[in-house]
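Dear colleague,

I am handing over the structure we discussed, with my notes on what was found in it placed below. Please look through the coordinates alongside the text.

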Amino acid sequence: MNRKDVKTEYKWSLEDIFATDELFAAAENEFKKSAGLIGAYAGRLSDRNELLECLKKSDELDLKAERLYVYCNMRRDENAATEKYVDMCDRMDGLMAKYQTECAFIAPELSAQSDEYLDSLIADPEFSDFDEFLKEIRRKKAHILGEKEEKILAQTSPAMGSFREIFGKIDYIDLALPKIKDENGKRIQLTQGKYSACLNSQDAGVRKRAFAGLYKAYESLINTITATYAGSVKADNFYAAARGYDSALSKAMCGENVPESVYKNLISAVEKNVPVLHRYVALRKKILGLEKMHMYDMYVPLTADATEKYDFETAFTTVCDALSPLGSEYASLLARAKSERWMDVYETENKRSGAYSWGCYGTHPFVLLNHEGTLHDVFTIAHELGHAMHSHYSNSAQPHAKAGYAIFVAEVASTVNEVLTLKHLLSKATDAETRKYLLGYYLDTFRTTLFRQTMFAQFELIAHERAQDGKALTPKSLSDEYYKLNKKYYGAAVTHDKAIRLEWARIPHFYTAFYVYKYATGITAAVNIARDILSGGDDALARYKRFLSAGGSDSPYEILKAAGVDLATEKPFETAMAEFAETLDALEKETEK
């Protein structure tokens with residue numbers, strides 16, 4: 001579809017950021033002139049008046065940069081072939097890099113100040129917009145080295161931080177995936193995207209051929225991949241030791257301001273509940289009618305996909321109905337999202353694929369969609385509007401310096417919306433196949449997001465601890481550890497194909513250490529919040545609204561704790577597992593009918 005053929009009401013209103021490209025160009029030129037002025041404050045931050053002026057000027061420039069960057073990138077996402085917007089994005093990349101370099105003195109200079117000085121600033125009402133930034137400087141001081149050492153660490157970063165890029169080259173360029181036969185006997189080239197589609201095929205032969213072909217390719221490069229991942233782990237451990245942390249995990253969790261106990265508690269709580277996952281795996285085997293169920297059978301749908309089509313208007317109305325428990329204010333914001341054109345709805349030529357929510361402070365958020373009318377698209381609308389509303393509430397309640405929320409909580413609001421939408425659809429479903437499909441969808445969300453990501457998190461911890469203890473990270477040691485975890489998590493109902501030992505070797509997130517656990521804590525928090533809202537009345541909803549409005553005004557752990565979810569305790573995980581078990585019970589009953 002050509003973009004000009006889409007009705008205006010289904011295209012986002014980026015004019016709300018800059019009414020014209022000419023106004024963008026004027027703002028860009030103004031930013032160029034002013035961005036270099038921040039450097040004038042270098043060496044003067046021990047004077048509180050100079051510091052306050054610097055922080056305000058930096059915040060003002062950050063906001064201007066944000067508006068410019070968001071606008072040109074979203075214009076490019078409308079059509080990646082529009083040269084004007086590609087050029088605008090390239091210019092902004094250069095400007096942002098230069099500006100960030102200009103501001104680089106602020107954190108180190110503040111870190112060199114006395115604790116007493118920083119504490120006095122944090123307590124000063126004049127610095128209230130920047131108190132969280134100053135608290136972070138104060139909190140991390142013990143792990144900031146001297147100027148000479150910091151310079152050396154900065155110089156090592158390009159080499160020590162290249163492992164993710166190296167893996168990307170291996171994964172997308174060097175990995176020689178084979179051709180396999182599809183359901184019709186036609187030979188197709190296997191790709192990462194087609195692999196996922198093949199595992200959803202109703203033809204077991206296609207699933208098996210795709211699985212075998214993919215892992216044979218990874219096995220052919222396993223020594224190179226192992227060396228790459230081992231280097232990444234050693235780099236993580238090196239930086240942790242250099243900065244005085246007990247471990248790479250301690251460094252990662254300190255960086256996020258989340259207690260290390262949350263990570264360990266997640267693994268412990270999920271491990272206790274793997275027998276429930278084993279029950280689900282056994283039920284999958286029964287429903288699919290398989291004598292043996294292999295790891296490549298774990299993704300095939302339990303029933304035929306729900307065939308009902310949802311045009312955008314119907315899908316949007318369905319989502320609004322599903323989110324009605326969030327109250328009238330939330331409902332009015334959803335209505336605004338449609339009437340004020342926050343959303344770009346349909347796939348058009350050269351438009352960015354997938355979906356996201358983005359925006360800048362001072363305007364409403366925006367949502368990119370590529371609506372095709374499937375049930376999955378209904379969940380996508382709910383998910384992305386969750387992000388949008390989180391941003392709207394945070395931006396409305398917080399000053400710019402404290403409006404941004406941490407990645408640790410970033411997927412909570414979006415997943416709350418998905419859970420509420422699924423439960424709404426289940427309440428309306430009248431035929432057994434639709435109910436089975438929805439129940440299976442929910443169970444698979446738990447399996448892939450809570451259980452599987454926790455398994456990944458446990459593997460990461462094992463790998464880093466082995467390296468820290470001086471044990472070699474070899475293809476055999478890493479694959480053996482992963483195979484043990486796979487057997488523990490999936491149980492005896494599935495055949496643990498030996499090739500699954502190599503699954504760790506294809507996970508790009510492992511090159512951003514201790515990241516994947518946030519998917520598991522995110523769904524755990526969302527399930528707890530959704531249950532509270534549906535059963536807890538006004539108090540639960542009020543707590544959730546405070547969470548949405550908190551932005552970055554406190555540590556992400558404390559913000560979530562105030563919403564009623566303390567991830568350092570067992571309760572949230574017990575609640576999530578109870579939800580999983582109840583959903584499994586419901587699917588078992590539907591199957592017996």
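Which side chain meets that of glutamate 590 in a salt bridge? The partner is arginine 435, at 2.7 Å from N to O, where a salt bridge is a side-chain nitrogen of Lys or Arg within 4 Å of a carboxyl oxygen of Asp or Glu. Glutamate 590 lies in helix 24 and arginine 435 in helix 20 (residues 432-468), so the pair ties together parts that are 155 residues apart in sequence; helices are DSSP runs (H or I, at least four residues), numbered from the N terminus. Glutamate 590 is buried at 5% relative accessible area, whereas arginine 435 is partly exposed at 22% (buried means under 20%, exposed over 50%, partly exposed in between, with a 1.4 Å probe and protein chains only).

Please note that this is a predicted model, in which local features need pLDDT of at least 70 and side-chain atom pairs count only at pLDDT 80 or more, while totals for chains, interfaces and linings use all residues. Residues are numbered from 1 along each chain as its sequence is written, and side-chain values use heavy atoms, with hydrogens and water left out.

A search of the whole structure finds 43 salt bridges. One of them joins lysine 545 and glutamate 329 at 3.7 Å, N to O; lysine 545 lies in helix 22 (residues 517-549) and glutamate 329 in helix 16 (residues 328-339), so this pair ties together parts 216 residues apart in sequence.

Within helix 20, aspartate 444 and arginine 447 are three residues apart, about one turn of the helix, and their side chains also meet in a salt bridge (3.3 Å, N to O).

Best regards

Notes:
Helices (H or I, at least four residues) and strands (E, at least two) are DSSP runs, numbered from the N terminus.
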